[in-house]
2 protein chains.
Amino acid sequence: MRSRISWTLGWAKASRGCGADAASPAGRAPNPRPVGWPVVNTRTLVKQLAALPDGPVTVAGWVETVRDQKKVQFIILRDESGAVQLVNPAVRELDPEGVSVGAAEAFALTEQISALGHGTFITVTGQLKHDERVKLGGLEVKIETLEVVTEAEETPIAADSSLDKRMDWRFLDLRHPKQNLIFRVQTTFLHALRTYWVERDWVEIQTPKLMASASESRAELFELGYFEGKAYLAQSPQFFKQMAQPAGLGRVFEVGPAFRADPSFTSRHATEFTSIDAEMSWIDSHEDVMAMHEELLVHGFTAVVAKHADEIRELFGVEVTVPTTPFPRIPLAEAKEIVASRGYVVPRADADMDPEGERQISAYVKEAYGHDFVFLTDYASSIRPFYHMRREGDPSITNSYDLIYNGVEISTGAQREHRIDILVEQAKEKGLDPEELGFYLDFFRYGVPPHGGFGMGLARLMMLMLDEHSIRETTYLFRGPTRLLP
Amino acid sequence: MRSRISWTLGWAKASRGCGADAASPAGRAPNPRPVGWPVVNTRTLVKQLAALPDGPVTVAGWVETVRDQKKVQFIILRDESGAVQLVNPAVRELDPEGVSVGAAEAFALTEQISALGHGTFITVTGQLKHDERVKLGGLEVKIETLEVVTEAEETPIAADSSLDKRMDWRFLDLRHPKQNLIFRVQTTFLHALRTYWVERDWVEIQTPKLMASASESRAELFELGYFEGKAYLAQSPQFFKQMAQPAGLGRVFEVGPAFRADPSFTSRHATEFTSIDAEMSWIDSHEDVMAMHEELLVHGFTAVVAKHADEIRELFGVEVTVPTTPFPRIPLAEAKEIVASRGYVVPRADADMDPEGERQISAYVKEAYGHDFVFLTDYASSIRPFYHMRREGDPSITNSYDLIYNGVEISTGAQREHRIDILVEQAKEKGLDPEELGFYLDFFRYGVPPHGGFGMGLARLMMLMLDEHSIRETTYLFRGPTRLLP
């Protein structure tokens, strides 16, 4: 039987033709293969054309525009990496005598290009030519063959469509270079964060999103039927990343979804969002968490600036810079005084900030210190969850912080209370039932190191980095009270 | 106000004492700081001791055992990186004359160590001494001060506890070096996969887990109340990773949770699991997906072998090796013949394999080719989802595969049908309602490149890599029909 089993890619080549009517352009030119691009692919990415010599290439993507002039036709072809001009000298009449070799094909190609609709996916073979006169990248491809892979119905959205309509057609909206760039920047940013952690021996965890009880509060909780009983969707990985501390994992991180049945329609809230979480053992206070947090962000911003600063400037008009450390730290009570001295008295009965206060303190920090970030520290115990550790000697405040970036809160961090008797007291004081918290409280009965961490919203951070106005722009598929589709 | 705002870590040092009763041992020795370890931490990890010279150190972790001999006391202290022997010459009697300096302290320390319970978290300062006679790593730490950070109740599990009982106390179970290693190996593996993708310009996506309809099938679907309506938990990111293709993102990956209301109690099934997903544009067939898939796995295994081969051998008795490429490929029908020729006729009415058949074909491949992996290809259309592309010229089979690793299926991959008319036909043929699939079918109406990808179960892969017998061992917190806690 041995001979019938295929071991090499020769099998794939032999069986080419599967899906070939749509997928496989015949006679692809043997392109120079860019280093690092998987061997399975024979097309050239648009961004790789600049480095290639004049000669045969295959490109593939979608038709952004067609300029169908009398004597010459231009196609702007876009793929995930950029846009390129394709050119074809129009042959408008079929040579009735059949004198010119290839005249029928040239006429057919001209007709084919004239019929191309916006959004059509095509594969083109042709001759790459570097030419400084071409505005778009200083190069163009003279078309030899053009294959229509899939045709496109007329696009339902336009450049000036409402955000809501663009969300309806998110898969078309994402074709815009700005939207594409958001997710490439996000990829770079997340990978830099994870690399920071992995290089320092942190452990990645995947905590369950199905829970037997609420993780944060009874409010804003999604409930589902679970076989004979009920389950709840995790509002955060809080309990489970803390579990890693008595489990002896030391330092853990997770990037995963969190769910809040939040009926708000603000630019900053979603019912499902990606939460970046870290939790570390053996801290002395929340200051250790902040020191790691700012170092981590520097790592992420450094990677983004190195790879994308030019593109971001071009498409968003934003100059992303690497923040300096340490970030400014201001105790919350003092921040409220500063804001009041600027003429804004936070209209809240409790000790907390509000969004306008966050904008104001951020503006102050920007003016006074030129910094985009500020840690607000020492939040009152009355406005923090029961699991935040309270200050030794002053239990009215917690060892906690919020991180404000360009005027918006993106993260909450804290040292956690790890002493079981105090933890139980704090839970009772907040009106929680220690019985229901039983499994969580157990984490503290068998030995646990002092620890702390933070949770940070990815879409908010990306929104503020790129000066966008809603997390709908920086979420792959936004979920809100009236938005479950697509 | 400027002067009141703290800019440096000096603030943290000045305010030491927050949580200090539990967290901050007084008078920590100024340890040499290992390169790459965050500046916020002054303890030394156990695994770093070997590289340090004799002298003062601070270590912290939990008490694994105490050997309380008459003349000398030994503590085995474990942290996330390993175990170390701590030693103290016992002083069993209080010097009543007060002659010896420090005698009272020495007596108190001895008493303190005698009282230590298993699992207690402690911080110890002392003198590191390299000594070849010490079996555990050839070094020990002579205790100078010992601080109990948190005491531990008596552990409710033992080495021979049932798997189910260990799951009840997962946070204690994870303290075992084997369990700890599983998650460090997983961290290395996942980071290597992501690095493979990121270095090749793939885009990371976070697809929503809240959906308006089923993603795979009406069966095994979790439903929840969603404001005035209903939502469903994603059974896979299938539709949304495909959405990235008409969206022009090119090549995308995701590592995230997936949910199945699966009532099975097998060693391979969970109601929530971590799915590794990839989807790529411009493929010619599923062979392009397989070529990427095997290259990706080689990348992951190479990283695991480089970092953990010795530990895995020691703790699991397993020799992890990097698989060679290409992996063997066997069409499914042929695999069933091979299995039958070995005496096992798959007892199924349909064209599919069964778990025993997968074990048998895997055993065959191991015997014949010495390979742990095998791609079973060309699954019948009758047993594949509507969105798998069928073979050009033979629509009875699909351009799809399963990947079998050490006898168990860990992944399904395929080229997707991207031609809308054929896709609608295939959906209808499977008894699906194109109306309900509307948002998904829309992805194919406005231009889309040929594409394909795979989904792969992380816990299964880890289970098979480490020769464990259940995904409960390789899942941080397992979720099953009767398991929602902790």
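Leaving aside its neighbours within four places in sequence, which residues is A:E409 in contact with? They are A:E358, A:D402, A:L403, A:I404 and A:R460, where contact means heavy atoms within 4.5 Å.

The model is predicted: local features need pLDDT of at least 70, side-chain atom pairs count only at pLDDT 80 or more, and totals for chains, interfaces and linings use all residues. Residues are numbered from 1 along each chain as its sequence is written, chains are lettered from A and ligands numbered from 1 in the order in which they are written, and side-chain values use heavy atoms, with hydrogens and water left out.

**The annotated site**

A:E409 sits in strand β17 (residues 408–415) of chain A. Helices (H or I, at least four residues) and strands (E, at least two) are DSSP runs, numbered from the N terminus. A polar atom of the A:E409 side chain lies 3.1 Å from the backbone nitrogen of A:S411.

In an unreviewed UniProt entry, the annotation "binding site" covers A:E409 together with A:G457, A:L458, A:A459 and A:R460. These residues span 52 residues in sequence, yet no two of their C-alpha atoms are more than 11.8 Å apart, so they gather at one spot. From this set, A:L458 and A:A459 belong to the lining of the largest cavity. A cavity is a set of points, on a 1 Å grid over the protein atoms alone, where a 1.4 Å probe fits but cannot get out; lining residues have an atom within 4 Å of a point. A:A459 lies in helix α13 of chain A.

UniProt, again in an unreviewed entry, lists residues 183–486 of chain A as "domain: Aminoacyl-transfer RNA synthetases class-II family profile". UniProt positions are given in the numbering used here, feature names are shortened, and annotations may be inferred rather than shown by experiment. Over residues 183–486 the chain is 34% helix and 22% strand, with the end C-alpha atoms 18 Å apart.

Helix α6 (residues 177–199) of chain A meets helix α13 (residues 458–465) of chain A, their axes coming within 11 Å and crossing at roughly 115°. Axes are lines fitted to C-alpha atoms, for helices over the stretch in contact, and angles run from 0 to 180 degrees between N-to-C directions. On the α6(A) side the contact is made by A:I182, A:V185, A:Q186, A:F189 and A:L190, and on the α13(A) side by A:L458, A:L461, A:M462 and A:M465. By class, this contact has eight nonpolar, one polar and no charged residues.

α6(A) also packs against helix α6 (residues 177–199) of chain B, at an angle of about 145° and with the axes 11 Å apart. Here α6(A) contributes A:T187, A:H191, A:R194, A:T195 and A:V198, while α6(B) contributes B:T187, B:H191, B:R194, B:T195 and B:V198. The classes are two nonpolar, six polar and two charged residues. Ala, Val, Leu, Ile, Met, Phe, Trp, Tyr, Cys and Pro count as nonpolar, Asp, Glu, Lys and Arg as charged, and the others, Gly among them, as polar.

**Backbone exceptions**

Most residues other than glycine have a negative phi, and most peptide bonds are trans. The table lists exceptions.

| Site | Feature | Angle |
|---|---|---|
| A:L485 to A:P486 | cis peptide bond | omega about -10° |
| B:L485 to B:P486 | cis peptide bond | omega near -5° |
| A:D467 | positive phi, not a glycine | about 55° |
| B:E220 | positive phi, not a glycine | near 60° |

A:P486 lies in the segment after α13 of chain A, and A:D467 is also in that segment. B:E220 is in the loop between β7 (210–211) and β8 (223–226) of chain B.

Key. On a 1 Å grid over the protein atoms alone, a cavity is a set of points where a 1.4 Å probe fits but cannot get out, and a pocket is an open set with protein on both sides within 12 Å along at least five of seven lines; lining residues have an atom within 4 Å of a point. A polar contact is a pair of N or O atoms within 3.5 Å; within protein, one must be able to donate a hydrogen and the other to accept it, and residues adjacent in sequence count only if both atoms are side-chain atoms.
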